[in-house]
Amino acid sequence: PAHAAGAAALDTLVRPAIRALSAYHVPDATGLIKLDAMENPYSLPEELREPWLSALREQALNRYPDPQASLLRTTLRATMGIPAGMGLVLGNGSDELIQMLALALGGPGRTLLSVEPGFVMYRMIATVAGLDYLGVPLRAEDFALDLDATLAAIEEHQPALTFLAYPNNPTGNLFAADSIARIIEASPGLVVVDEAYAPFTDHSFLSRLGDWPNLLVLRTVSKMGLAGLRLGYLAGPPEWIEEIDKTRLPYNINVLTQASAVFALRHAEVFDAQTRLIRAERERLAKALAAMDGMQVYPSEANFILLRLPDGTAGPVFMGLKAQGVLIKNLDGAHPRLRDCLRVTVGTADENQAFLEALAKAV
Ligand code: PMP
């Protein structure tokens, strides 16, 4: 037939790799205490709402946004301490930058390497962009890098792209900086240190940009309290950034995001204060969790905590929490290394208290 129809046509026309994928699923959190997605629980302070709306009121909605987002990039450079001489490209969330990297460096027979358990979008984007994906297992006991295995995989597969989340999601730990340095040095391709959780740790590779020609640092404003804006940024040697920028769709950062982000970054101290609260709550929450019977609490430098529960109880406990109005993330079954694991995002003191009380009833 001239037209495509039915399941047979789906199988012929849609690439097998896409047919085999499941769409990224976001659970409905309506009416629940939302501790599943590593968001900052605090909203924009009341006193900033009017000035923010005034900034938005000046924007022209009939015109395309500044394609280079020049003011925003200048503001980001100054606020986030991006080293002089480094290139900077913005994405609609850091997800889009991962996709841009994969499009720029991908192609048949090329490999994207990461470590597992890790951020699931690396694999998903590799698949969509047509790269082979290779996930090197982290050490089972503490989720540290298995340096020997990672170096061997790099040697064997010569990845065009390597992603290391620092701190790692969903485990919350920082990998050893000297191991990351070894990986950068051994890599024939680009190594992207993904610092999505930078607001919650004192460690970063940002100041080390330029130490290696193949190091890039990926960041986002999502976790600092601006997840709704969808804004990520990638910094690195300008010759690499220039090539990656060619895969960017024009106007990928919309007018409202550009204006809102410039406004927010001019009030960065507000988000720094919120971040400090979250870090303090993380310590309080970790301590309370560690005091619970049979609960293994993994150390975290991020705004979430990974937990391992007694054998076979993660699923029922997750459901028990949900029944009491608290949504966290069930990782049991997501990866062999995450058996019996749950991940909870650090919320406000009240939310964390509600979580702890619900958990005590659910276990
Ligand atoms: N990198 C890591 C390690 C993440 O955990 C996330 C979000 N969960 C992202 C990148 C994507 O963040 P965004 O697209 O909101 O910038």
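**Cis prolines, sheets and helix packing**

Student: Pro 167 sits in the loop between β5 and α8 (177–186); helices (H or I, at least four residues) and strands (E, at least two) are DSSP runs, numbered from the N terminus. Which residue does a cis peptide bond join to Pro 167?

Tutor: This is a predicted model, where local features need pLDDT of at least 70 and side-chain atom pairs count only at pLDDT 80 or more, while totals for chains, interfaces and linings use all residues. Residues are numbered from 1 along each chain as its sequence is written. Most peptide bonds are trans. The cis bond into Pro 167 has omega at about 0 degrees, and its partner is Tyr 166.

Student: And what is omega for the peptide bond from Asn 169 to Pro 170?

Tutor: Pro 170, too, is placed in the loop between β5 and α8. The bond from Asn 169 to Pro 170 is cis, with omega near 15 degrees.

Student: Which residues come nearest the ligand?

Tutor: A residue is near a molecule or strand if its C-beta atom, placed from the backbone, lies within 6 Å of it. The shell has five nonpolar, six polar and two charged residues (Ala, Val, Leu, Ile, Met, Phe, Trp, Tyr, Cys and Pro count as nonpolar, Asp, Glu, Lys and Arg as charged, and the others, Gly among them, as polar). Of the 13 residues around the ligand, those nearest are Gly 93, Ser 94, Asn 169, Thr 220 and Ser 222.

Student: Which are the edge strands of the seven-stranded sheet?

Tutor: Two strands pair if DSSP finds at least two bridges between them. The open sheet has mixed pairing and the order β2-β8-β7-β6-β5-β3-β4. Pairing on one side only, the edge strands are β2 (87–91) and β4 (132–137).

Student: What is the bridge partner of Leu 112 in β4?

Tutor: β3 (residues 111–116) and β4 run parallel, with six bridges joining them. In β4, Leu 112 is bridged to Tyr 133.

Student: What angle does the direction of α5 make with that of β2?

Tutor: Axes are lines fitted to C-alpha atoms, for helices over the stretch in contact, and angles run from 0 to 180 degrees between N-to-C directions. Contact means that the C-beta atoms of two residues, placed from the backbone, lie within 7 Å. α5 packs on the sheet, touching strands that include β3, β5 (161–165) and β6 (190–194), and its direction relative to β2 is about 115 degrees.

Student: Is the crossing of α5 and α6 left-handed or right-handed?

Tutor: A crossing is left-handed if the near helix is turned anticlockwise from the far one by less than a right angle, and right-handed if clockwise. Among the residues that meet are Ile 98 and Leu 103 in α5 and Tyr 122 and Ile 125 in α6. The crossing of α5 and α6 is right-handed.

Student: Which residues of α11 make the contact with α3?

Tutor: Helix α3 (residues 46–57) and helix α11 (residues 255–265) pack at about 140 degrees, their axes 9 Å apart. The two are therefore oblique to each other, and α3 passes α11 in a right-handed crossing. From α3 come Trp 52, Ala 55 and Leu 56, and from α11 Leu 256, Ala 259, Ser 260 and Phe 263.

Student: In the other sheet, which residue of β13 is the bridge partner of Phe 304?

Tutor: This open sheet is antiparallel, in the order β9-β10-β13-β12. Strand β10 (residues 304–308) is joined by five bridges to strand β13 (residues 341–345). Within β13, Phe 304 has as its partner Thr 345.

Note on methods: Parallel < 35°, antiparallel > 145°, perpendicular 65-115°, else oblique.
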